[in-house]
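Let's take a walk through a protein and its ligand together. Have the viewer ready, and follow along residue by residue.

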Amino acid sequence: MNQRLAARDLAHVWHPCTQMKDHERAMPMIPIRRGQGVWLEDFEGRRYLDCISSWWVNLFGHANPTLNAAVRDQLEQLEHVIFAGFTHEPAIELAEALTNVAPRGLTRCFFADNGSAAIEVAVKMSFHYWRNRGRGGKTRFLTLTNSYHGETLGALAVGNVALYKDIYAPLLMEVFTAPTPDAWQREAGESWEDCARRLFLPMRAMLEQHAGVLAGVIVEPLVQCAGNMRMYHPIYLKLLREACDEFQVHLIADEIAVGFGRTGTLFACEQASITPDLMCLSKGLTGGYLPLSAVLAGEEIYDAFYDEYDKLNAFLHSHSYTGNALACAVARATLNIFATEPVIERNRVLATRMATAAAALVDHPHVAEVRQTGMILAVELVREKRTREPYDYRERRGLRVYRHGLTQGLLLRPVGNVVYFMPPYVITEPEIDFMIGVAGEAIEAATCD
Ligand SMILES: *Cc1c(COP(=O)(O)O)cnc(C)c1O
């Protein structure tokens, strides 16, 4: 059955982020019949632990009874309605809930339907804000090396992962790029904090130099997920917030991957006690059920668009499925789980267990670093531990880990040569031990020659 479905799939379906030829041999396509909690099951009864939350979206497990019920209930009432001129309770309650838990001052919620679209919204909104304020010369954005903000042209332009970006460079707006503060680059004896402070200096210099033309700086708070799960100290965000205020540049926080408890707090920005000017949310927003995103803004930005019709100052951006009722209903139910259960506290226990389970990997001869921020733990594989000489990408060591994991019941999906764990929060401690134990065997099998 697996094979029959895979063959039909490959006859017509073009999959994301994939060299389709790989499916002929390197990566057999795996049709999934059902999911339950952290487990996925294929058509031959084999089970896979979803170590990566199905691309970082799932929070409370597959087929979660509470979230299933939220979708079912909403389905009986209203599936969708035009969101211009019309509204509905799920969207209202979700906007209330989001602005209630968001960093203080983010009181306005603009919906879109996926992460990249939220980035487009934030970029347009930032530029348009300055224009409405009579500063139309602020047209540029500043981003970090190794950053990722999605795949549509605007989002790609403000991102920096060469694998996704370089080919399309001729189509993209130009941005300024400052060095990432990620702690992987720290010098001998340097702390994460010192590293972040040192690497803030060039950022500050660029802000100062380009303030007149800069609309916003966009960052992924604390973890550059698609950029090999590189992590940095929260002091960087604090310094960046201060400098953005000083030079009158928006701080755009892309919490699409790190929001909703991934980093140990509900939002990563909390660890720096900052409020960004714009905050982008998606992925975990609906618990991994339906596509939805939101851009949160404060009154100052909202007010700049609030005017008489004939001034033509309104923010006209729209998507057909903006504010979809089913998606809003399941997102509201997801936030309700955070409100009624000690999710963050429970995650602290789980994160500690992940650290304990992964401690054995630290001394592995091909592991350069085991790093962790909350519920994200990453293991960076290298050819040469001492010099950190990387593996040639053509050796596809990560793919070997992926394949070995599948044979042993794990869905891992390394980014390059970085094996990482970002499981749903309903994982148990024994499942964590299983996940990291088997991944350790996969790493051994992938690096033994
Ligand atoms: C996934 C991701 C995006 C893009 O979201 P999509 O829904 O895949 O378009 C943007 N920013 C970050 C940090 C992400 O991880």
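The paragraphs below start at the ligand and then move on to helices, loops and a strand.

First, a word on the ground rules: this is a predicted model, in which local features need pLDDT of at least 70 and side-chain atom pairs count only at pLDDT 80 or more, while totals for chains, interfaces and linings use all residues. Residues are numbered from 1 along each chain as its sequence is written, and side-chain values use heavy atoms, with hydrogens and water left out.

Which residues are around the ligand? They are Trp56, Asn114, Gly115, Ser116, Tyr148, His149, Gly150, Glu220, Asp254, Ile256, Ala257 and Lys283, where a residue is taken as near the ligand if one of its heavy atoms lies within 4 Å of it. This shell divides into four nonpolar, five polar and three charged residues. In that sorting, Ala, Val, Leu, Ile, Met, Phe, Trp, Tyr, Cys and Pro count as nonpolar, Asp, Glu, Lys and Arg as charged, and the others, Gly among them, as polar.

At Asp254, an N or O atom of the side chain is 2.6 Å from a nitrogen atom of the ligand. On its own the ligand has 380 Å² of accessible area, and the protein covers 84% of that; accessible areas come from the Shrake-Rupley method with a 1.4 Å probe, and for residues only the protein chains shown count as cover.

Now turn to helix α11, residues 325-340. Helices (H or I, at least four residues) and strands (E, at least two) are DSSP runs, numbered from the N terminus. How far apart are the end C-alpha atoms of α11? They are 22 Å apart, which agrees with the 22 Å that its 16 residues should span at 1.5 Å a residue, because the expected span is 1.5 Å times one less than the number of residues. Of those 16 residues, 12 are buried, and α11 is therefore mostly covered; buried means under 20% relative accessible area, exposed over 50%, and partly exposed in between (1.4 Å probe, protein chains only). The buried residues include Ala325, Cys328, Leu335 and Phe338. Their cover includes α3 (65-77), α4 (89-101), β4 (108-112) and α12 (343-358). At the N-terminal end, Asn324 caps α11, with a side-chain oxygen 3.2 Å from the backbone nitrogen of Leu326.

Strand β4 brings us to Phe111, which is buried with a relative accessible area of 4%. Leaving aside its neighbours within four places in sequence, Phe111 is in contact (heavy atoms within 4.5 Å) with residues including Phe83, Leu94, Leu292, Thr322 and Cys328.

Next comes helix α9, residues 235-247. Gln248 follows α9 and has a positive phi, near 55 degrees.

Helix α8 is where Cys195 is found, and at 0% relative accessibility Cys195 counts as buried. Beyond its neighbours within four places in sequence, Cys195 is in contact with Pro181, Asp182, Ala183, Gln185, Arg186 and Glu190. The loop between β6 (176-178) and α8 (192-210) holds Thr180, which is buried at 4% relative accessibility. The side chains of Thr180 and Gln224 are joined by a polar contact of 3.1 Å; such a contact is a pair of N or O atoms within 3.5 Å, where within protein one must be able to donate a hydrogen and the other to accept it, and residues adjacent in sequence count only if both atoms are side-chain atoms.

Finally, look at two backbone angles. Cys17, in the loop between α1 (2-12) and β1 (32-36), has a positive phi of about 55 degrees although it is not a glycine. Trp55, in helix α2 (residues 53-56), is not a glycine either, yet has a positive phi of about 65 degrees. Cys17 is partly exposed at 45% relative accessibility, and Trp55 is partly exposed with a relative accessible area of 38%.
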